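Please look over the sequence and the 3D structure shown here. The briefing that follows is arranged by topic.

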Amino acid sequence: MAIVNAQLTTTQLDLLTVPASKTYAVTNILVCNTYDPDAADAATKDAKFDMHLIPSGEPLSLNKTTVVRQLTLPAGETFTFDSERVILDVGDKISFVAEPDIGSGNTNLAATISYLEV
């Protein structure tokens with residue numbers, strides 16, 4: 001099993017792209033709003049994200065590749081995508097776009113993808 005993780009950005013972030021001669025089975029995707037839920041301003045630190053499953057050679061498309069749209073996570077909350085298995089082939093990717101910008105195009109959202117090579 002392998003994992004990949006990153007801080008989500010306000011522009012398209014291709015978090016996992018399947019390399020040549022590989023096929024991946026995604027076992028779990030986690031997205032966490034890392035802002036301190038005990039902070040005095042935590043109630044104002046919601047963050048949102050879109051998640052896309054993009055076939056090889058195709059662009060991100062709100063009307064075609066979206067699997068999660070504008071999901072809001074309060075400070076300290078985690079979204080788990082683990083009830084469905086996703087098989088990705090060469091060039092397929094999992095991409096994210098998030099908000100709000102906390103500086104330099106970054107957000108308070110951290111994403112982790114767990115996958116197996118099949």
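Predicted model: local features only at pLDDT ≥ 70, side-chain atom pairs only at ≥ 80, totals over all residues.

Residues are numbered from 1 along each chain as its sequence is written, and side-chain values use heavy atoms, with hydrogens and water left out.

**The nonpolar core**

- The largest nonpolar core has 24 residues. A nonpolar core is a set of buried Ala, Val, Leu, Ile, Met, Phe, Trp, Tyr and Cys residues joined through side-chain atoms within 4.5 Å.
- Buried means under 20% relative accessible area, exposed means over 50%, and partly exposed is in between (1.4 Å probe, protein chains only).
- The core members that touch the most other members are Val31, Phe49, Ile94, Phe96 and Ile113.
- At least two residues of this core come from each of strand 2, strand 3, strand 4 (47-54), strand 5, strand 6 (78-81), strand 7 (86-88), strand 8 and strand 9. Strands (E, at least two residues) are DSSP runs, as are helices (H or I, at least four), and both are numbered from the N terminus.
- Not counting residues up to four places away in sequence, phenylalanine 96 touches a list of residues that includes Leu8, Leu13, Leu15, Ile29, Val31, Phe49, Met51 and Ile113. Contact means heavy atoms within 4.5 Å.

**Aspartate 50, a buried charged residue**

- Aspartate 50 is in strand 4 and is buried, with a relative accessible area of 4%.
- Its side chain makes a polar contact with the side chain of arginine 69 at 2.5 Å. A polar contact is a pair of N or O atoms within 3.5 Å; within protein, one must be able to donate a hydrogen and the other to accept it, and residues adjacent in sequence count only if both atoms are side-chain atoms.
- A polar atom of the aspartate 50 side chain also lies 2.6 Å from the backbone nitrogen of glutamine 70.
- Leaving out residues up to four places away in sequence, aspartate 50 touches Leu62, Val68, Arg69, Gln70, Ser95, Phe96 and Val97.

**Salt bridges**

- Side chains of opposite charge can pair when their charged atoms come close.
- The count of salt bridges is five. A salt bridge is a side-chain nitrogen of Lys or Arg within 4 Å of a carboxyl oxygen of Asp or Glu.
- One of them joins aspartate 14 and lysine 93 (3.3 Å, N to O). Aspartate 14 lies in strand 2 and lysine 93 in strand 8, so the pair ties together parts that are 79 residues apart in sequence.
- Aspartate 14 is partly exposed at 34% relative accessibility, whereas lysine 93 is buried at 19%.
- Another joins lysine 22 and glutamate 117, whose closest N and O atoms are 3.4 Å apart. Lysine 22 is in the loop between strand 2 and strand 3 and glutamate 117 is in strand 9, 95 residues apart.
- Lysine 22 is partly exposed, with a relative accessible area of 28%, while glutamate 117 is exposed at 51%.
- Lysine 45 and aspartate 41 also meet in a salt bridge (4.0 Å, N to O). Lysine 45 is partly exposed at 27%, and aspartate 41 is partly exposed at 30%.

**Aspartate 36 in a loop**

- Aspartate 36 is in the loop between strand 3 and strand 4, and is partly exposed, with a relative accessible area of 41%.
- Its side chain reaches the backbone nitrogen of aspartate 38 at 2.8 Å.
- Apart from neighbours within four places in sequence, aspartate 36 is in contact with Ala42 and Ala75.
- Aspartate 36 and glutamate 77 are 41 residues apart in sequence and 9.7 Å apart in space, C-alpha to C-alpha.

**Backbone exceptions**

- Most residues other than glycine have a negative phi, and most peptide bonds are trans.
- The peptide bond from glutamate 99 to proline 100 is cis, with omega near 0°. Proline 100 is in the loop between strand 8 (93-99) and strand 9 (106-117).
- Serine 21 has a positive phi near 65°. Serine 21 sits in the loop between strand 2 (13-17) and strand 3 (24-33) and is exposed at 72%.
- Glutamine 70 has a positive phi of about 50°. Glutamine 70 is in strand 5 (residues 66-73) and is partly exposed at 31%.
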